[in-house]
Amino acid sequence: MRGLGEYLDKFKETKMIIFAGKGGLGKTTCSAALAYYLAVKKGKKTLCFSTDPQASLSDIFERDLFGKGEVEVAPNLYVVEIDADKRIRDYIEDVKRKIKEMYKMEEIPQEIESYIETSAVEPAMYESATYDAMVEYLVSGKYDYYIFDMPPFGHGVRMIAMAEVLSAWVEKITEAREKAREYDEIAARLRGGSPLSEDAILKELYDIRSRLSYFRDIMLDRNKTGFFMVMTPENMSILDTEKALKMFNELGLTLSGIVVNQVLPPEMINNPSPLIARRAEVQQKYLSVIKDKFGKYIVSVIPMFDREPKGLKMLEKVASYLVENPLQI
Amino acid sequence: MVGFLGKIKDTLKEITYGMALHSQVTGILKTRMYIEHLFTLMVLGDMLGFPVLPPYYSLRLLPYAIPNVQKWKHRFYRERDFTDIIYG
Amino acid sequence: MAIHETPFFMVAVGLLIYALAYWGYSKIVDKKIWQSDPTRPTPAHLYTDGVEYFPVGRYVLYGFQFNSIAALGPILGPGIALLFGWVPAFLWIIFAALFIGWVQDYSALFLSVRNEGKSFGPIAYSLVGPQARTLLLGFLLFYFLLITAAFMFVVIVVIDIFPGTFWSLLVLVLTALLVGHLIFNVRMNVVTVTLIAVVLLVIGVAIGAFFKWPPTGALGKAPYSLWIIPVIILLVAGALLPLPRLITPMNYIAYYPVIVAIVALIVGSLLSPLTGVKIEQPAFTKFYDPENPAFFRSGPLWPALFVSIACGAISGWHSLISTGITSKQLDVETDARPVGAGAMLTENTVGLTALAAWVVLSPELQPRVNPAFFVKGATTLTAPVFGGESVVPFLESFFAIYMVFMAMTILTILGRYWRVVSAELFGESKYSAVRVFGNKYVASVLGFVLPTLFVLTGSWINIWLYFGGTNQLLAGFALLIVAVYLLHQRKSYAYSFIPGIFMMVTTIAALAYQAFVFYDATVNAKLLHPTQAILRDSVGIGAVIAVNAFSVTVGIIMFIMGIVMFYLLLRAMVRARAMPQQTQ
């Protein structure tokens, strides 16, 4: 076990690294640490993107990043903590403005207005908005590395399934639209009319489609994307990880590795504090289960620190465990 | 006289178009309409409680579907039966 | 040669009467009864959707309406009517043209225009009641079954007598596929495509004229049952392929020979005093002659004559087109007359020229025996105009193709309709056994196999009169529904009510008689027609009985439907009278 560094050496084309797993296990810390390592140590332009509404990137980098867009927190290290609610609001205002402009309306018709408003509060909107932001950054291609801290809902993996479903729908709509246009054109020609102007809807659809397929293609390309699960030596986490692994397989994704976090060093068994000794003992038990079950996936083990990992100094420490010198178990 | 002949020519042209091509064109428009329906349904499906596309993306397409909303509703709620589909 | 011995006479008199109908009677009805108002917005303007509802100029719409209503009806009916002599046939055609035919087309159109452009079904629902609509659906399914049977019969007998036609038909189908491809995939200019299509069609006609293979009789005694197989294959393919791939291009290119044929027949009849072509068929025969099997099969002059000349006089099909499509595209109310009445009177003209083609047949060719004899008549009528003996094979091939095209274009539409309606009726059923009928392959094949049972009876007169009966019955419905509406509006309705009653009574009687003929053949295990011997010899008398029994069943069903509908319509009249006036 030689850390994430080994992975990065092996997969040189990697563009995107995704950390998935339940909230509170140190996903965000891992993302930030890896981004820090790539940007500061390797000099690569790196974006760290968090969707966690509990917004821990702001905590880790000790400044308010929430909803501020791309912020450079260290040389080459850019951080985004998305404010999905605000994004939705902006987006909706945009749609409304567009409608008013397109049809020269003062007011949007009542039924359309209320349709938009109800759509806005649907839970799926939140996911979509986050997801769309991810795609937007990725498609822009401005960075050497993209580190995504997946939202905690549905293990984050749902995002990927969503990409598939979405692409399929957009594909269908585009197809229908193209056909409609074809018929239009033929009808116009039979009538002896002039050819039609370009179809704005099709343009829009092509745009959505190309973004989605770009994202999906990268996601499914083992050489470009790494998926890492973050877990802790606890029974709940083991069960969750098993489930997630199954889901990965079903989606046709490859899990690149597992990072075990918050591990008490084995010598803690002898700690005078019975509480700590007991905790360490239990952890050892679960660690052996983890080795059994996920042995080949484990790339890194990160110890539990004496305080919350905050600030660049701490990140450097986490990164060294994560990338270069993992704790040996 | 030229005007009169021109008028006859136009009339004959229109009759010929009506006999030969009009049903083709309406047939094509109908097929097109069904596709357009599909599009509107996918974009605005959940207006009728039939969600298809995630709302985020349907909102992006919504502005384009607005002119169809009225037509579509009229067609959707209009009574249609077997006597409406003689030519497809 | 006296001028009244030529077809010129009847066509000239007919045209005069038609002019009277158009510029006289229909104008009065338009002004006094419907009070057409050019400022009142039509459904085309009120509900414009650019697809079904949109205003279309009157000439375009006239052309469309005529093309949609023109089929084999006006061509074939007069042939059977000649059983009673040409004078009764002629009188019925001009009488119907004056008082009944356009009345239905035009009034149904106006009725729909004044009712939000609704189609026949919804109008029947709102004016007569829910049962009327259900009944109408059932009725239409049988109606389409019978049209399909009649037209399939025509296609195969024409091919049987003029085998070259089958190869011309293949050329048409291939040309249609090519045209579909050129318009949709290659995006070629319409004019160029049309030129290519016309050239190919001319080649098709030439092939039909010289490549007469297999020769008549070579298929043994069962030509009908053999030819029907390739024809059904073509039709099923048409029902399954997307509309713009085969059906619409086929309708489009078939239009050219059709219009040429119509013009040729009009020219041929009008020039007959110069060309010397004379009326050869008898002017009168008998009202009824029970000793004569042909009379027995058709029944007496009343009601048989009035259902045999179908679309050339009046046809229910037209009201479906008027209310289903045309009413949604009428630009202004004052266009209803040129479009509805104008197209129908043009169709009447086609019927008249078809009669002209039939009457010049020499008496030993009995028109009622075989619809393909029309080709001979049309050739006789027109050959002297186009160059005499030398063009006969070419003209024969041309008119044979004309008939087959007319039939095939309607058949493909019906096949498709049958498939779509079956999918709606059966496709959603709870029972998988029923759902099978909604399957598109099953429905498409079944849509042609059921009518084949009629074709196998081999008795042209009976098939045609069944078809004519249902067709005119539908026209009767339309006329009476118009009367119900006018009564609601407290307007004079007699002009529609009286022909409506006449059509209902006549057609119900005709259907009853035809059912009786089939019943007689069934219970006495008789051959209804010499061709049934083929079926008897190959399968057995049981098959003949089964086929005839099937026809009895259909006849009884149509009869009952007719009676119930008649009752519902009369009830609606009584209720309309009792109700306070509706505001428009």
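This is a predicted model: local features need pLDDT of at least 70, side-chain atom pairs count only at pLDDT 80 or more; totals for chains, interfaces and linings use all residues.

I begin with helix H7 of chain C, which covers residues 130-161. At 1.5 Å a residue, its 32 residues should span 46 Å, and the C-alpha atoms at its ends lie 47 Å apart, which agrees. Of those 32 residues, 23 are buried, so by the criterion of 20 or more other C-beta atoms within 10 Å, H7(C) is mostly covered.

One partner of H7(C) is helix H20 of chain C, residues 440-457. The axes of the two helices are 8 Å apart, and the angle between them is about 65°. Angles from 65 to 115 degrees count as roughly perpendicular, and H7(C) and H20(C) are therefore placed in that class. The crossing of H7(C) with H20(C) is right-handed. Which residues make this contact? From H7(C) they are C:Leu145, C:Thr148, C:Ala149, C:Met152 and C:Phe153. From H20(C) they are C:Gly447, C:Phe448, C:Leu450, C:Pro451, C:Phe454 and C:Val455. Sorted by class, nine residues of the contact are nonpolar, two are polar and none is charged. As for the spacing within such lists, an α-helix has 3.6 residues a turn, so residues three or four places apart point the same way.

The second pair is helix H5, residues 86-113, and helix H16, residues 336-359, both of chain C. Here the packing angle is about 160°, and the axes are again separated by 8 Å. With an angle over 145 degrees, H5(C) and H16(C) are therefore roughly antiparallel. Their crossing is right-handed. The contact of H5(C) with H16(C) comprises 19 nonpolar, four polar and two charged residues.

Let me turn to helix H4 of chain C, residues 73-81. How many of its nine residues are buried? The count is nine of nine, so H4(C) is largely enclosed by the rest of the structure. Reading along the helix, the buried residues are C:Gly73, C:Pro74, C:Ile75, C:Leu76, C:Gly77, C:Pro78, C:Gly79, C:Ile80 and C:Ala81.

Next, a residue in a loop. C:Arg245 sits between helix H10 (223-240) and helix H11 (247-270) of chain C. It has 18 C-beta neighbours inside 10 Å and therefore counts as partly exposed. Leaving aside residues up to four places away in sequence, C:Arg245 touches C:Leu177 and C:Gly180. C:Leu177 is 68 residues away along the chain, yet its C-alpha atom and that of C:Arg245 are 6.1 Å apart.

Finally, chain B. This chain has three helices and zero strands, in the order α-α-α from the N terminus. Of its 88 residues, 49% are buried.

How many residues of chain B are in contact with chain C? There are 30, and they meet 34 residues of chain C. On chain B, helix H1 (2-20), helix H2 (22-44) and helix H3 (55-77) each supply at least two residues of the side that touches chain C. H2(B) gives the most, with nine residues. By class, this side of chain B has 12 nonpolar, 11 polar and seven charged residues.

Terms used. Residues are numbered from 1 along each chain as its sequence is written. Chains are lettered from A and ligands numbered from 1 in the order in which they are written. Axes are lines fitted to C-alpha atoms, for helices over the stretch in contact, and angles run from 0 to 180 degrees between N-to-C directions. Helices (H or I, at least four residues) and strands (E, at least two) are DSSP runs, numbered from the N terminus. Angles under 35 degrees count as roughly parallel, over 145 as roughly antiparallel, 65 to 115 as roughly perpendicular and the rest as oblique. A crossing is left-handed if the near helix is turned anticlockwise from the far one by less than a right angle, and right-handed if clockwise. Two residues are in contact if their C-beta atoms, placed from the backbone, lie within 7 Å. Ala, Val, Leu, Ile, Met, Phe, Trp, Tyr, Cys and Pro count as nonpolar, Asp, Glu, Lys and Arg as charged, and the others, Gly among them, as polar. The expected span of a helix is 1.5 Å times one less than its number of residues. A residue is buried if 20 or more other C-beta atoms lie within 10 Å of its own, exposed if 12 or fewer, and partly exposed in between; C-beta atoms are placed from the backbone.
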